[in-house]
Amino acid sequence: ECYLKRDGTDYFGTVDITTDGTLCQKWSEQSPHTHEYSTSRYPKGGLGDHRYCRNPDFDDAPWCFTSDPDIRWQYCDVGQP
Ligand SMILES: O=S(=O)(Nc1cnn(C2CCNCC2)c1)c1cc(Cl)ccc1F
């Protein structure tokens with residue numbers, strides 16, 4: 001899917017893998033990576049009990065924490081326009 005804003009802050013699709021095919025960690029979980037991205041801290045981030053790529057912190061593109069303990073977070077390919 002594509003999205004309007006260049007940085008993908010408006011991407012609320014269902015891609016849940018990173019650029020190298022690693023499964024994303026759920027935003028609602030703190031394992032394997034602890035993090036500070038909660039729905040209360042980023043109310044417009046589209047976070048929740050899912051593992052879909054999002055860009056809650058106005059980074060360059062949608063991303064996610066990964067299920068690989070050695071890779072903290074990675075960008076996702078969500079069909080940049
Ligand atoms: O636990 S974290 O959320 N981890 C973290 C580390 N890098 N990132 C990036 C995620 C993609 N966007 C840029 C920050 C998030 C985290 C957040 C802050 Cl503000 C500071 C330290 C830290 F550990």
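Helices (H or I, at least four residues) and strands (E, at least two) are DSSP runs, numbered from the N terminus. With those labels, G45 falls in the segment before β1. The model on screen is predicted.

**Stop 1: G45**

Select G45. Is this residue buried or exposed? G45 has a relative accessible area of 6%, under the 20% cut-off, so it is buried. Which residues touch G45 once its neighbours within four places in sequence are set aside? They are F12, R54 and P56.

**Stop 2: the ligand**

Move to the ligand. Show the residues around it: T34, H35, E36, Y37, R41, D57, D59, W63, F65, R72 and W73. Colour this shell by residue class. It divides into five charged, four nonpolar and two polar residues.

Begin at E36: a polar atom of its backbone is 3.4 Å from an oxygen atom of the ligand. Go on to D57. An N or O atom in the D57 side chain lies 2.6 Å from a nitrogen atom of the ligand. Finish at R72, where a polar side-chain atom is 2.7 Å from a ligand oxygen. How much of the ligand does the protein bury? Taken alone, the ligand exposes 520 Å², and the protein buries 61% of that.

**Stop 3: the aromatic rings**

Keep Y37, W63, F65 and W73 from the ligand shell.

A pair of aromatic rings is described by the distance of the centres and the angle of the planes. How many aromatic pairs does the structure hold? It holds nine. One of them joins Y37 and W63, with 5.0 Å from centre to centre and 85° between the planes, an edge-to-face arrangement. This pair links distant parts of the chain: Y37 belongs to the segment before β1 (63-65), W63 to strand β1, and 26 residues separate them. Both residues are buried.

Why does the pair of Y37 and F65 count as edge-to-face? The ring planes meet at 65°, and over 60 degrees is the cut-off for that class, so the pair qualifies. The ring centres are 5.6 Å apart. Y37 comes from the segment before β1 and F65 from strand β1, so this pair ties together parts 28 residues apart in sequence. Y37 and F65 are both buried.

**Stop 4**

Select Q74, in strand β2 (residues 73-75). Q74 has a relative accessible area of 17%, so it counts as buried. Its side chain makes a 2.6 Å polar contact with the side chain of T18. Beyond its neighbours within four places in sequence, Q74 is in contact with T18, T19, D20, T22, W63, C64 and T66.

Follow that list to T22. This residue sits in the segment before β1. With a relative accessible area of 15%, T22 is buried. Which side chain does T22 meet in a polar contact of 2.6 Å? It is that of D20.

**Stop 5: I71**

Go from T22 to I71. Where is I71 placed? It is in the loop between β1 and β2. Leaving out neighbours within four places in sequence, I71 is in contact with D20, T22, H33 and T66. Then draw a line back to Y37. I71 and Y37 are 34 residues apart in sequence, and their C-alpha atoms are 17 Å apart in space.

**Stop 6: the backbone**

Switch to the backbone. Most residues other than glycine have a negative phi, and most peptide bonds are trans.

Select S31 and P32. A cis peptide bond joins them, with omega about 0°. P32 is in the segment before β1.

End at F58. Its phi is positive, about 55°, although F58 is not a glycine. F58 also lies in the segment before β1. Is F58 buried or exposed? Its relative accessible area is 65%, above the 50% cut-off, so F58 is exposed.

How values were computed
Residues are numbered from 1 along each chain as its sequence is written. This is a predicted model: local features need pLDDT of at least 70, side-chain atom pairs count only at pLDDT 80 or more; totals for chains, interfaces and linings use all residues. Side-chain values use heavy atoms; hydrogens and water are left out. A residue is near a molecule or strand if one of its heavy atoms lies within 4 Å of it. A polar contact is a pair of N or O atoms within 3.5 Å; within protein, one must be able to donate a hydrogen and the other to accept it, and residues adjacent in sequence count only if both atoms are side-chain atoms. Accessible areas come from the Shrake-Rupley method with a 1.4 Å probe; for residues, only the protein chains shown count as cover. Ala, Val, Leu, Ile, Met, Phe, Trp, Tyr, Cys and Pro count as nonpolar, Asp, Glu, Lys and Arg as charged, and the others, Gly among them, as polar. Rings of Phe, Tyr and Trp (its six-membered ring) pair if their centres lie within 6.5 Å; planes under 30 degrees apart count as stacked, over 60 as edge-to-face and the rest as tilted. Buried means under 20% relative accessible area, exposed over 50%, partly exposed in between (1.4 Å probe, protein chains only). Contact means heavy atoms within 4.5 Å.
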